[in-house]
Amino acid sequence: MKCVWPIALLCVALTSCSEFQSYRNTGYAPVVTRGLGTEYWLNELHNTRWSTPEESRETVRQWEQELLDDPSDGNRIKLALLLVAGDEAVRDPKRARELLDEVTETLTDTSDREFITVLGQMIDQQEQASAAISKLNKQVKRKNRRIRELEEQQRALTDIEQNIQQRTVQPETENDGQ
């Protein structure tokens, strides 16, 4: 019994040490972010998910100011990510492309480089989608113009038909009176 208390206290002391804490059976140590890298950028984007369009625009203004104050690759990528995957009100793939083109080769982490590649592909897809939407909008405008022309022709034909009916009805009534 005398041996149990010291062993119990030793176990409590050892389990409270960070070196001995479990990692929930993942087999990996938790990642610690230092304000850099993919996890940080995605977390910053996630923090904007429930923003209103005006709040998103304000976030863009703030992040642009951060970029002016510290023109680091991390700030470029963070802003580019918001301009690609943020709220619809702030999406600007052209500006995001410019920011990514300014990223230097100083990023050595493989996952960060891969993230930039994927972000570039997202920008390409958005640009292609924008071009397709623009083309469809032009087609819709042409179709709508054609529909208006056909409607005008239909009205003109209806007017002509009514005119013809009035002319055929009037001589009959004139003959009836004679």
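User: Let's start with R97. Is R97 buried or exposed, or does it count as something in between?

Analyst: Keep in mind that this is a predicted model. R97 sits in helix α5. To be buried, a residue needs under 20% relative accessible area, and to be exposed it needs over 50%. R97 comes in at 22% relative accessibility, so the label it gets is partly exposed.

User: How far apart in space are R97 and E127, C-alpha to C-alpha?

Analyst: Along the sequence, R97 and E127 are 30 residues apart. In space, going from C-alpha to C-alpha, the distance between R97 and E127 is 9.9 Å.

User: Back to helix α5. Which residues of α5 are buried, and how wide is the arc they fall within, seen down the axis?

Analyst: Helix α5 covers residues 93–101, and its buried residues are P93, A96, L99 and L100. Because an α-helix has 3.6 residues a turn, residues three or four places apart point the same way. Look down the axis of α5 and the buried residues line one face of the helix, since they fall within an arc of 115°.

User: Which residues gather in the patch of negative charge on the surface?

Analyst: One member is E98, which has its place in helix α5. E98 counts as partly exposed, because its relative accessibility is 36%. The patch of negative charge on the surface is made up of E64, D92, E98 and D101.

User: How many salt bridges does a search of the whole structure find?

Analyst: Side chains of opposite charge can pair when their charged atoms come close. To count here, a side-chain nitrogen of Lys or Arg has to be within 4 Å of a carboxyl oxygen of Asp or Glu. Searching the whole structure gives a total of 10.

User: K78 forms a salt bridge with E44, so how many residues apart in sequence are the parts that this pair ties together?

Analyst: The closest N and O atoms of K78 and E44 are 4.0 Å apart. K78 lies in helix α4 (residues 73–85) and E44 in helix α2 (residues 37–46), so the pair ties together parts whose separation in sequence is 34 residues.

User: Last one: which residues are linked with E54 in a network of salt bridges?

Analyst: E54 forms a salt bridge with R61, where the closest N and O atoms are 2.9 Å apart. R61 has a relative accessible area of 40%, so it is partly exposed. E54 is partly exposed too, because its relative accessible area is 43%. Linked with E54 in the network are R57, E58 and R61.

Terms used. Residues are numbered from 1 along each chain as its sequence is written. This is a predicted model: local features need pLDDT of at least 70, side-chain atom pairs count only at pLDDT 80 or more; totals for chains, interfaces and linings use all residues. Side-chain values use heavy atoms; hydrogens and water are left out. Buried means under 20% relative accessible area, exposed over 50%, partly exposed in between (1.4 Å probe, protein chains only). Helices (H or I, at least four residues) and strands (E, at least two) are DSSP runs, numbered from the N terminus. The arc is that of the directions from the helix axis to the C-beta atoms. Patches are made of residues with over 30% relative accessible area and no salt bridge: like charges are joined within 9 Å, nonpolar side chains (Val, Leu, Ile, Met, Phe, Trp, Tyr) within 5 Å. Accessible areas come from the Shrake-Rupley method with a 1.4 Å probe; for residues, only the protein chains shown count as cover. Lys and Arg count as positive and Asp and Glu as negative; His and the chain ends are not counted. The place of a charge is taken as NZ of Lys, CZ of Arg, CG of Asp or CD of Glu.
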